[in-house]
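These are my notebook entries on a structure I wanted to look through piece by piece. I set down what I looked up, in the order in which I looked.

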Number of protein chains: 2
Amino acid sequence: MQPQEPVIGILGGMGPAATADFYTKLVRHTRAHRDQDHPRTVIWSDPTIPDRTDALLGLGEDPTPWMLRGLKHLEEVGATLIAVPCNTAHAFVPELQAHTGVPILHMIEETVALLAASGVTTAGLLATTGTCRTELYQGSAQRWGLTVQVPGHEAQQKVMDAIQQIKGGRPSVAAAALVQAAQELQAQGAQAVIAGCTEIPLALSEEMLQVRLVDPTAVLAEAALRRAGFALSGAESPVGAVPS
Amino acid sequence: MQPQEPVIGILGGMGPAATADFYTKLVRHTRAHRDQDHPRTVIWSDPTIPDRTDALLGLGEDPTPWMLRGLKHLEEVGATLIAVPCNTAHAFVPELQAHTGVPILHMIEETVALLAASGVTTAGLLATTGTCRTELYQGSAQRWGLTVQVPGHEAQQKVMDAIQQIKGGRPSVAAAALVQAAQELQAQGAQAVIAGCTEIPLALSEEMLQVRLVDPTAVLAEAALRRAGFALSGAESPVGAVPS
């Protein structure tokens with residue numbers, strides 16, 4: 001029997017630039033010499049999905065129906081596994097998974113497992129207030145024996161503002177606040193900082209920091225490629241380089 | 001009556017990095033302050049579509065059935081207009097359009113029309129041998145009163161090799177040959193050079209040249225946004241800057 005042809009499904013648009021970044025990383029992390037070495041991919045990018053953090057804080061509409069619609073479309077065209085390049089959306093992943101037989105990769109679980117395997121015991125988290133409050137990373141970290149530190153109230157507000165600035169197309173304005181928050185987390189003992197919102201790698205790169213920066217977007221790209229049976233290119237490590 | 005909600009469909013994977021580049025430009029060229037200002041987009045990226053140039057030169061399989069399959073998927077999930085970010089694939093667009101009621105934008109026609117409107121009368125073409133041989137740009141140019149110059153036989157072979165190098169993940173190796181071919185076209189009177197394969201903007205930028213570089217990927221992104229009713233951000237002009 002022919003094994004099922006893999007089609008990587010991407011439930012995206014949260015936000016659209018982060019989806020473009022994820023697909024770019026998916027392509028770059030594939031070992032390929034020509035077009036035909038790459039996986040088939042289908043992307044449903046719906047930027048009209050209501051804001052995830054607003055919903056989690058009880059301030060906005062539930063995005064689940066929008067995400068279920070996207071999931072249905074990905075299924076219709078034959079996706080065999082699904083990636084959701086939005087950290088905050090992972091608060092809704094158990095509900096989405098209950099509606100489909102197609103496996104949904106878990107970006108946060110993959111990231112924390114990789115961090116644990118690389119010897120990190122304390123990681124700092126830069127993420128939306130929704131991701132921090134729902135303890136998505138903290139819960140996963142507990143299972144893997146890691147400690148996750150989050151910014152204080154004021155610093156977190158600045159991180160959230162920076163994420164909105166990136167979504168508004170102003171990544172350079174956002175960088176300073178993210179660098180400062182990362183430094184504070186490092187001063188509190190973080191051996192690595194997680195870019196725990198898919199907008200953050202669009203503004204913040206490891207060269208700006210004295211601490212290892214972990215990119216869950218790249219972790220998810222590599223996880224999707226491995227699960228779909230594609231070889232990795234050996235592009236830059238998603239868990240960052242140990243600073244010299 | 002509610003107007004039909006626009007969904008931009010992208011028939012991609014030819015190659016996958018060019019599709020990622022197109023989607024990145026679609027996002028960047030949208031005037032937006034938050035996620036919800038962006039259009040819904042669905043991308044079917046099938047890198048297994050047989051090589052377009054090989055087919056046009058009678059050396060490989062006809063890619064039409066693969067493209068029709070993608071088109072069907074884009075229709076199934078509600079695409080209201082379709083963009084095909086591959087110049088060479090436009091040789092097959094009339095056949096694709098005959099199979100669907102959803103309008104397919106014509107990247108080449110859009111690019112030539114924009115060049116004509118910007119006052120260019122002679123343009124050089126860097127493209128696949130398939131795109132050159134089928135005279136996709138030349139035919140369009142004739143309708144708009146433009147002259148299109150293509151590289152000589154040897155230079156064209158080097159351009160085709162460069163395109164394969166970009167597809168193999170080595171854009172920096174490809175740049176020198178593309179710069180040289182662009183210089184030769186300029187010496188022959190080209191007032192602008194068309195980056196007429198969607199791989200080329202991944203290796204060649206206007207800063208490397210003394211001549212205006214036209215990016216059909218960006219032209220297509222802006223055309224798609226306009227047709228879908230979205231405002232443009234005013235990002236860099238797709239027809240390049242007049243060199244100072």
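This is a predicted model: local features need pLDDT of at least 70, side-chain atom pairs count only at pLDDT 80 or more; totals for chains, interfaces and linings use all residues.

**Entry 1: a helix pair in chain B**

Helix H5 (residues 107-117) of chain B packs against helix H10 (residues 216-228) of chain B at an angle of about 100 degrees, and their axes lie 9 Å apart.

From H5(B) they are Met107(B), Glu110(B), Thr111(B) and Leu114(B), and they meet Pro216(B), Thr217(B), Val219(B), Leu220(B), Ala223(B), Arg226(B) and Arg227(B) of H10(B). Sorted by class, the contact of H5(B) with H10(B) has six nonpolar, two polar and three charged residues.

**Entry 2: the corresponding helices in chain A**

I next turned to helix H5 (residues 107-117) of chain A and helix H10 (residues 216-228) of chain A, whose axes come within 9 Å and cross at roughly 100 degrees. That makes H5(A) roughly perpendicular to H10(A). On the H5(A) side I noted Met107(A), Glu110(A), Thr111(A) and Leu114(A), which meet residues of H10(A) including Val219(A), Leu220(A), Arg226(A) and Arg227(A). The class count for the contact of H5(A) with H10(A) is six nonpolar, two polar and three charged residues.

Arg227(A) does form a salt bridge with Glu110(A), with 2.5 Å between the closest N and O atoms.

**Entry 3: the domains of chain A**

How is chain A divided in the domain assignment? According to that assignment, domain 1 covers 7-106 + 218-228 and domain 2 covers 108-216. The centres of domain 1 of chain A and domain 2 of chain A, taken over C-alpha atoms, are separated by 20 Å.

For the interface itself, I noted that 23 residues of domain 1 of chain A are in contact with 24 residues of domain 2 of chain A. About 1,800 Å² is buried between domain 1 of chain A and domain 2 of chain A, and carbon and sulfur atoms give 55% of that area. On the domain 1 side, Asn87(A), His106(A) and Val219(A) supply 36% of the area buried against domain 2 of chain A, more than any other three residues. I also found two salt bridges across the interface of domain 1 of chain A and domain 2 of chain A.

**Entry 4: chain B against chain A**

Moving to the interface between the chains, I recorded 40 residues of chain B in contact with 40 residues of chain A. Chain B and chain A bury about 3,000 Å² between them, with 51% of it on carbon and sulfur atoms. Of the area that chain B buries against chain A, Asp35(B), Arg40(B) and Val77(B) supply 21%, more than any other three residues.

How many salt bridges cross the interface of chain B and chain A? The search finds eight salt bridges there, while the whole structure holds 26 salt bridges over all chains. I looked up two pairs. Lys167(B) forms a salt bridge with Asp35(A), the closest N and O atoms being 2.8 Å apart. The side chains of Arg69(A) and Glu5(B) also meet in a salt bridge, at 2.9 Å from N to O. That pair runs between chains, from Arg69(A) in helix H3 (residues 64-76) of chain A to Glu5(B) in the segment before S1 of chain B.

**Entry 5: backbone details**

Last, I checked the backbone. Met14(A) and Gly15(A) are joined by a cis peptide bond with omega of about -5 degrees, and Gly15(A) sits in the loop between strand S1 (7-12) and helix H1 (16-28) of chain A. In chain B, a cis peptide bond joins Met14(B) and Gly15(B), with omega of about -10 degrees, and Gly15(B) is placed in the loop between strand S1 (7-12) and helix H1 (16-28) of chain B.

I also marked Glu135(A), a residue other than glycine whose phi is positive, near 55 degrees. Glu135(A) lies in the loop between helix H6 (129-133) and helix H7 (136-144) of chain A.

Key
Residues are numbered from 1 along each chain as its sequence is written. Chains are lettered from A and ligands numbered from 1 in the order in which they are written. Side-chain values use heavy atoms; hydrogens and water are left out. Axes are lines fitted to C-alpha atoms, for helices over the stretch in contact, and angles run from 0 to 180 degrees between N-to-C directions. Helices (H or I, at least four residues) and strands (E, at least two) are DSSP runs, numbered from the N terminus. Contact means heavy atoms within 4.5 Å. Ala, Val, Leu, Ile, Met, Phe, Trp, Tyr, Cys and Pro count as nonpolar, Asp, Glu, Lys and Arg as charged, and the others, Gly among them, as polar. Domain bounds come from an automatic or database domain assignment. Buried area is the accessible area (1.4 Å probe) that two parts lose on being put together, summed over both. A salt bridge is a side-chain nitrogen of Lys or Arg within 4 Å of a carboxyl oxygen of Asp or Glu. Angles under 35 degrees count as roughly parallel, over 145 as roughly antiparallel, 65 to 115 as roughly perpendicular and the rest as oblique.
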